[in-house]
Amino acid sequence: MAEPTVHVVDDDASFLNAMSRLLRASGYLARTYCSAREFLAEPHGDEPGCVLVDLRMPDIGGLDLQAALAQSRYPLPVLFLTGQADTASTVRAMRGGAEDFLEKTAPKELLLDAVRRAVARSRHELEDRSRREELRARFAAISAREREVLEHVLRGRLNKQIAGDLGIHERTVKVHRKSIMTKLSVRSVAALAQLSQEAGLPLHS
């Protein structure tokens, strides 16, 4: 896994320089942006890291940047730093999934602890995404008929019931079930249901 990068977004050039020095001295890769628009204009791959952003900036503010990141393919944890905190903004940021909301005058130890938590969260989320993608690739290998059988199995239907529902022979259902289990590398319906949930596939009731 790549080294984590801390992306710092602020319209204050002196603050960007100070944060960059602190983060690099603490062992992080740091990239700075003078606006949210500049940050959003650059491609960001599926790599660990976090975004440290000022709450209030011209054009696109920190809360709007947080909302944009939440809709992106590779969302990163967000840390807010501001010199103008207010309760409403803090609540909105935390409800939006912010890792923390700190004043710019906060002790550097507090800031670095928040960065560590955000990076750890990013690594965990990256691993989860990678796992889901790998599982979805395995599910993509099953045929259309096998997917029909799978949906019935996940609903708790017996082989005889599935055969009646799909208008096929019970022996054919057994063949499909065996093929599904083999392709997905599972041995039980319980494991199959868990795998479906991990892959983010809907379970039919």
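These are my notebook entries on a predicted model of one protein chain.

**Entry 1: fold and overall dimensions**

I began with the secondary structure, which comes to 9 helices and 5 strands in the protein chain. Read along the sequence, these follow the pattern β-α-β-α-β-α-β-α-β-α-α-α-α-α. I then looked up the radius of gyration of the chain, which is 24 Å. The globule rule gives 17 Å for 205 residues, and 24 Å is well over that, so the chain is more spread out than a compact globule. For the extents, I noted that the C-alpha trace spans about 75 × 35 × 30 Å along its principal axes.

**Entry 2: burial, contacts, surface and charge**

I looked up burial next: 40% of the 205 residues are buried. For contacts I took residues at least 6 apart in sequence; 61% of these contacts join residues at least 24 apart. The accessible surface of the protein chain is about 11,300 Å², and carbon and sulfur atoms account for 51% of that surface. I recorded 30 positive and 28 negative side chains. The centres of the two sets lie 10 Å apart.

**Entry 3: cysteines**

How many disulfides does the count come to? I get 0 disulfides. I checked cysteine 34, whose closest cysteine sulfur is in cysteine 50. The two sulfurs are 19 Å apart, which is too far for a bond, because a disulfide requires sulfur atoms within 2.5 Å. Cysteine 50 is accordingly in no disulfide.

**Entry 4: positive phi angles**

Most residues other than glycine have a negative phi, so I noted the exceptions I came across. Aspartate 59 is not a glycine, yet has a positive phi of about 70 degrees. I located aspartate 59 in the loop between strand S3 (49–54) and helix H3 (62–70). Is aspartate 59 buried or exposed? Its relative accessibility is 61%, so aspartate 59 counts as exposed.

Serine 185 is another residue I noted, with a positive phi near 60 degrees. Where does serine 185 lie? I found serine 185 in the loop between helix H8 (170–184) and helix H9 (189–198). Serine 185 has 57% relative accessibility and therefore counts as exposed.

Methods:
Residues numbered from 1 in each chain as written. Predicted model: local features only at pLDDT ≥ 70, side-chain atom pairs only at ≥ 80, totals over all residues. Heavy atoms only, no water. Helix = DSSP H or I, 4+ residues; strand = E, 2+ residues; numbered from the N terminus. Buried < 20%, exposed > 50% of the residue type's maximum accessible area, 1.4 Å probe, protein only. Rg over C-alpha atoms; globule rule 2.2 N^0.38 Å. Contact = heavy atoms within 4.5 Å. Areas by Shrake-Rupley, 256 points an atom, 1.4 Å probe, with all protein chains shown as cover. Lys, Arg positive; Asp, Glu negative; His and termini not counted. Charge placed at Lys NZ, Arg CZ, Asp CG, Glu CD.
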